[in-house]
Every structure is written in C-alpha cells, then in structure tokens.
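The sequence and structure come first.

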Amino acid sequence: MSTRAHGQAAALLLVRLQNQDGELVLTEEQIDFLAPGVAAWFERGASPAAVRKALTEDLPRPVRFPAQLMRHRLTVSLPSGRSLPAAYRPVPMQNCDGCDRAFRAPEPGHCDECNENTYANPASG
C-alpha cells in the first residue's frame with residue numbers, strides 16, 4: 001500500500017471512530033493532524049483493528065480531549081520500526097542554564113522566564 005493510500009485509510013479510520021464511541025468526535029483539522037500517526041502504524045504492519053483497539057481500549061470517562069488522547073496513544077504505543085513523523089516527536093526536557101528549571105526545548109539554553117528577565121534587564125544577564 002502506498003503512503004497516500006495509508007493516509008486515506010488513516011483518515012477514514014479516524015472518521016469512523018465516532019461510530020464506535022460517540023465521545024471520539026474529531027474535527028477535520030484534528031483528523032488531518034492525526035492521520036500521519038495512524039499511517040505510521042499502517043506502514044509498520046499494524047492492522048486497522050489493532051489501531052482501533054489502541055485508540056479505543058480502556059478510555060477514561062468522560063473523554064475530554066479526544067485528539068490529544070489519540071495523539072498520545074499513537075505515539076507511546078507505536079510499533080517498532082521507522083522513526084515518528086516530526087509532528088509526533090516529543091521535544092526533549094532541558095535544564096535551564098540560568099535557574100536549573102526544567103523546560104522543553106530542542107537545544108539546551110534558558111527557560112522562557114530567564115530569557116524574559118535577560119531581555120528586560122540586559123545588564124543583569
């Protein structure tokens with residue numbers, strides 16, 4: 001199956017989830033965002049049934065943020081294989097060089113608060 005076919009099958013699977021559980025309603029934008037994650041499962045040999053099970057099994061009630069829950073499940077339960085699409089790669093934790101506070105960033109450096117203080121008071125930083 002081609003990447004395009006995986007993408008179409010992924011979007012269809014996501015649309016049909018609301019038929020399985022009325023709390024799993026997604027917007028078109030959310031479906032477009034989640035489809036590459038589902039397609040990554042298909043590319044690794046997962047069946048539609050396996051993806052549905054991963055997304056719908058043991059759901060918290062009520063499901064308050066279905067798209068975020070699905071993104072999390074697609075990411076943490078992804079079968080081994082190729083790397084995740086860029087949108088699904090977690091940003092690593094860093095410790096701030098100024099205050100040692102933890103923050104997410106692709107590279108080490110300063111947290112937002114230390115950056116704000118440095119720019120607000122350039123003589124102090």
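Which backbone oxygen lies 3.1 Å from a polar atom of the side chain of Gln-94? In this predicted model, that atom is the backbone oxygen of Ala-105.

## Gln-94 in strand β1

Gln-94 belongs to strand β1, which spans residues 93-95. Its relative accessibility is 14%, so Gln-94 counts as buried, the cut-off being under 20%.

Beyond residues up to four places away in sequence, Gln-94 touches Arg-101, Ala-102, Phe-103, Ala-105, Pro-106, Glu-107 and Pro-108.

## Helices α2 and α3

Helix α2 covers residues 28-43, and its axis comes within 10 Å of that of α3. The two axes cross at roughly 135°. An angle over 145 degrees would count as roughly antiparallel; at roughly 135°, α2 and α3 are therefore oblique to each other. The crossing of α2 past α3 is right-handed.

On the α2 side, Val-38, Trp-41 and Phe-42 make the contact. By class, the contact of α2 with α3 has seven nonpolar residues, no polar and no charged.

## Helices α3 and α4

Helix α3 (residues 48-56) packs against helix α4 (residues 66-76) at an angle of about 125°, and their axes are 9 Å apart. That angle makes α3 oblique to α4. Here too the crossing is right-handed, with α3 passing α4.

Val-51, Ala-54, Leu-55 and Thr-56 of α3 meet Met-70, Arg-73 and Leu-74 of α4. This contact of α3 with α4 divides into five nonpolar residues, one polar and one charged.

Because its relative accessibility is 16%, Thr-56 counts as buried.

A polar atom of the Thr-56 side chain lies 2.7 Å from the backbone oxygen of Arg-52. Leaving aside neighbours within four places in sequence, Thr-56 is in contact with Leu-17, Gln-20, Leu-24 and Arg-73.

Technical notes
Residues are numbered from 1 along each chain as its sequence is written. This is a predicted model: local features need pLDDT of at least 70, side-chain atom pairs count only at pLDDT 80 or more; totals for chains, interfaces and linings use all residues. Side-chain values use heavy atoms; hydrogens and water are left out. Axes are lines fitted to C-alpha atoms, for helices over the stretch in contact, and angles run from 0 to 180 degrees between N-to-C directions. Helices (H or I, at least four residues) and strands (E, at least two) are DSSP runs, numbered from the N terminus. Angles under 35 degrees count as roughly parallel, over 145 as roughly antiparallel, 65 to 115 as roughly perpendicular and the rest as oblique. A crossing is left-handed if the near helix is turned anticlockwise from the far one by less than a right angle, and right-handed if clockwise. Contact means heavy atoms within 4.5 Å. Ala, Val, Leu, Ile, Met, Phe, Trp, Tyr, Cys and Pro count as nonpolar, Asp, Glu, Lys and Arg as charged, and the others, Gly among them, as polar. Buried means under 20% relative accessible area, exposed over 50%, partly exposed in between (1.4 Å probe, protein chains only). A polar contact is a pair of N or O atoms within 3.5 Å; within protein, one must be able to donate a hydrogen and the other to accept it, and residues adjacent in sequence count only if both atoms are side-chain atoms.
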